[in-house]
Amino acid sequence: MVHIYIGGDRSAVSDYRPISLNFEISKQSEHVIAGYLRKVCDKNYWLCEGHHGFKEGYSCDCQVNTVRQDMAGSLDEVIFIYAIIIDFSKAFVLVPHDRLFTKLVASGVDSKVVVWVREFLVGRTERVRVGGQQSKEVKVNSSVPQGNVLCTLLFIVYLSDIWKNIDSSNRPFADYCTIYGKITNKNKIENFRKDLDTLGECAVENGMKINPGKIRQ
């Protein structure tokens with residue numbers, strides 16, 4: 001595992017992102033499992049319609065253009081819009097393994113695939129190297145390692161139930177989401193507040209933390 005600088009203070013641990021580097025044979029197996037999980041996702045409607053990223057035909061650019069088009073239509077109608085962008089803090093690191101496996105089993109994933117995923121995630125260790133010095137290995141009890149296609153898919157599957165509880169328009173992408181809607185009356189504002197409360201409750205229930213420093217409205 002290596003840590004990639006993502007901007008900010010180079011001396012701050014929080015400004016680095018851990019990336020998992022796997023062997024080629026492991027990467028090939030991941031693609032096979034990921035292909036199976038995508039089929040299960042489509043069959044069971046795991047991902048909400050507005051979910052972009054890591055889906056065929058749903059890129060980051062597609063998400064931005066869709067939100068922009070929706071907002072432009074409301075402006076043409078001279079209707080105010082509420083919008084907020086929410087980011088989960090260290091989201092990939094905080095995914096609890098046991099809860100992830102429980103969700104996979106409950107969603108009808110083949111038991112052999114669940115066992116494979118368990119063996120793939122459980123028992124990992126990591127250590128940090130600074131210059132020529134290395135820390136001791138530490139056991140990883142949670143997280144889905146970044147830097148591979150399978151774990152990104154596991155992450156969005158893990159959070160899929162959060163977005164289904166939101167009534168406002170929402171466009172998730174990996175570990176952040178844009179939530180917005182038209183303000184046609186006072187009830188719309190109140191409903192939006194309820195959606196934010198629901199999102200916060202679901203985040204806590206799933207072991208996620210919303211990053212207040214990256215919230216935009």
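Helix α8 (residues 186-205) lies across β3 and β9 in this predicted model, and its direction runs at about 5 degrees to β3. The two strands it covers belong to an open sheet of three, ordered β3-β9-β8, with antiparallel pairing. At the edges stand β3 (80-87) and β8 (169-173); each has a single partner strand, so one side of each is left without a neighbour in the sheet. From one strand to the next, the twist averages 15 degrees. Five bridges hold the antiparallel pairing of β8 with strand β9 (residues 176-183), and F173 sits opposite Y176 in β9. Helix α2 (residues 60-76) also packs on this sheet, touching β3, β8 and β9, and its direction makes about 15 degrees with that of β9.

Now for the aromatics. The ring search turns up two aromatic pairs. One brings together Y82 and F192, with ring centres 4.1 Å apart; their planes meet at 35 degrees, so the pair is tilted, falling between the 30 and 60 degree cut-offs. Since Y82 lies in strand β3 and F192 in helix α8, the pair ties together parts that are 110 residues apart in sequence. Y82 is buried, at 11% relative accessibility, and F192 counts as buried with a value of 11%.

The other pair is W116 with F120: here the centres are 5.2 Å apart and the planes make 15 degrees, so this one is stacked. Both residues lie in helix α5 (residues 111-121), four residues apart, or about one turn of the helix.

Setting aside residues up to four places away in sequence, V144 touches F92, V95, L100, L121, C151, L154 and F155.

Zooming out, the chain has eight helices and nine strands. Of its 217 residues, 38% count as buried. Among contacts with a separation of 6 or more, 69% are between residues 24 or more positions apart. The accessible surface of the chain comes to about 13100 Å², and carbon and sulfur atoms account for 53% of that.

Note on methods: Residues numbered from 1 in each chain as written. Predicted model: local features only at pLDDT ≥ 70, side-chain atom pairs only at ≥ 80, totals over all residues. Heavy atoms only, no water. Buried < 20%, exposed > 50% of the residue type's maximum accessible area, 1.4 Å probe, protein only. Contact = heavy atoms within 4.5 Å. Areas by Shrake-Rupley, 256 points an atom, 1.4 Å probe, with all protein chains shown as cover. Pairing = 2+ DSSP bridges. Axes fitted to C-alpha atoms, helices over the stretch in contact; angles between N-to-C directions. Phe/Tyr/Trp six-rings, centres within 6.5 Å; stacked < 30°, edge-to-face > 60°.
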